[in-house]
Amino acid sequence: MHCARHSCWIPLGLALALAGCQTQSKPELAATAAEPEPVDEGWRSIAASDDQAKIEAVAEAWADALDRARNAGFRRAMAGEGPLLDPAAALPRPEPAPGNYMCRLLRLGAEGRRAPAFQSFKAFFCHVGVNPEGQLSITKQTGSERPAGYLWPDANDTPRMVFLGSLALGNEESPRPYGDDPARDMAGVFERVAPMRYRLVIPQPRNTAKLDVIELVPAPVQSPD
């Protein structure tokens, strides 16, 4: 380049462009492991291992209890209960509305001379409540044995909820929390079997039966006097 008469200069834009073309090494980024998403195990994080096993084997408990009751001559009596005693009768949306219910216990598969293989007991009052976190509960309100506990969504996308509770006895004002006394703990599945008709199924209950089924239907609304 001849610079005798004119000063040598490079336009500013070209200088910046040339500077940008110089090869520069990029800083290496350290690889970091992503934090795993917390796994919400729901009822499984609370239920004892033997109660988890009972819930997983509820189909086997149904089959055993029904076979024992039918073989003992109660086929016609059970047929009169309709979908309540049909293991495949569960319908979508099992969540019950909070309120008062009439409940009835059916006991299947008992062995021995003290109890028949099928029993239907007198109806009693129970209540479906909801706590401030929105979790549903079931409480038997009368009687010498009063089960109570909470309902949990089932993570397996099945049309049922899981019940975990315990038993209040005699004059006790409230049942102990689940897990406080394993001898009183109860675990089962809650399902809707017809419009406004539900059942709580307790497989392998702590008695001589193979299966307890508690029917729930809304209690009649009493008009004020």
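Start by selecting Val 58, Ala 61, Trp 62, Ala 65, Leu 66 and Ala 69: these are the buried residues of helix H3. Buried here means under 20% relative accessible area, exposed means over 50%, and partly exposed is anything in between, using a 1.4 Å probe and protein chains only. They sit on the same side of H3, because they cover an arc of only 120 degrees around the axis. That arc is taken from the directions running from the helix axis to the C-beta atoms.

Before moving on, know that this is a predicted model, where local features need pLDDT of at least 70, side-chain atom pairs count only at pLDDT 80 or more, and totals for chains, interfaces and linings use all residues. Residues are numbered from 1 along each chain as its sequence is written, and side-chain values use heavy atoms, with hydrogens and water left out.

**Around helix H3**

Now turn to the other side of H3, where Ala 59, Glu 60 and Asn 71 are exposed. How far apart are the end C-alpha atoms of H3? They are 20 Å apart, which agrees with the 20 Å that its 14 residues should span at 1.5 Å a residue. The expected span is 1.5 Å times one less than the number of residues in the helix.

Next, pick Asp 64 and Arg 68, which form a salt bridge with their closest N and O atoms 2.9 Å apart. A salt bridge is a side-chain nitrogen of Lys or Arg within 4 Å of a carboxyl oxygen of Asp or Glu. The two residues are four apart in H3 (residues 58–71), so about one helical turn separates them. Asp 64 is partly exposed at 27% relative accessibility, and Arg 68 is partly exposed at 28%.

The structure holds twelve salt bridges. Glu 56 is partly exposed at 43% relative accessibility, and Arg 44 is partly exposed at 25%.

Then select Arg 160 and Asp 154, a salt bridge with its closest N and O atoms 2.7 Å apart. Are these two residues buried or exposed? Arg 160 is buried, and so is Asp 154. Elsewhere, salt bridges that share partners join Glu 81, Arg 104, Arg 197 and Glu 215 into one network.

**The disulfide and its strands**

Show the cysteines next. A search of the whole structure finds one disulfide, meaning a pair of cysteine sulfur atoms within 2.5 Å. Which residues does the disulfide join? Cys 103 is joined to Cys 126, with 1.7 Å from S to S. The pair links distant parts of the chain, with Cys 103 in strand E1 (residues 99–108) and Cys 126 in strand E3, 23 residues apart. Cys 103 is buried, with a relative accessible area of 1%, and Cys 126 is buried at 2%.

Keep those strands in view: E1 and E3 run antiparallel and are joined by five bridges. Two strands count as paired if DSSP finds at least two bridges between them. To see one of the facing pairs, pick Asn 100, which stands opposite His 127 in E3. E3 also runs antiparallel to strand E4 (residues 136–140), again with five bridges. Here Gly 129 stands opposite Ser 137 in E4. The hairpin of E3 and E4 has five residues between the strands, and in it Gly 134 takes a positive phi near 90 degrees.

**A stop at Ala 123**

Select Ala 123, in the loop between strand E2 (118–120) and strand E3 (124–130). Ala 123 is partly exposed at 38% relative accessibility. Leaving out residues up to four places away in sequence, Ala 123 touches Met 102, Cys 103 and Arg 104; contact means heavy atoms within 4.5 Å. Ala 123 and Glu 215 are 92 residues apart in sequence and 9.0 Å apart in space, C-alpha to C-alpha.

**Zooming out**

Finally, show the whole chain as a cartoon. The secondary structure comes to four helices and nine strands. Helices (H or I, at least four residues) and strands (E, at least two) are DSSP runs, numbered from the N terminus. Buried residues make up 40% of the 225 residues in the protein.
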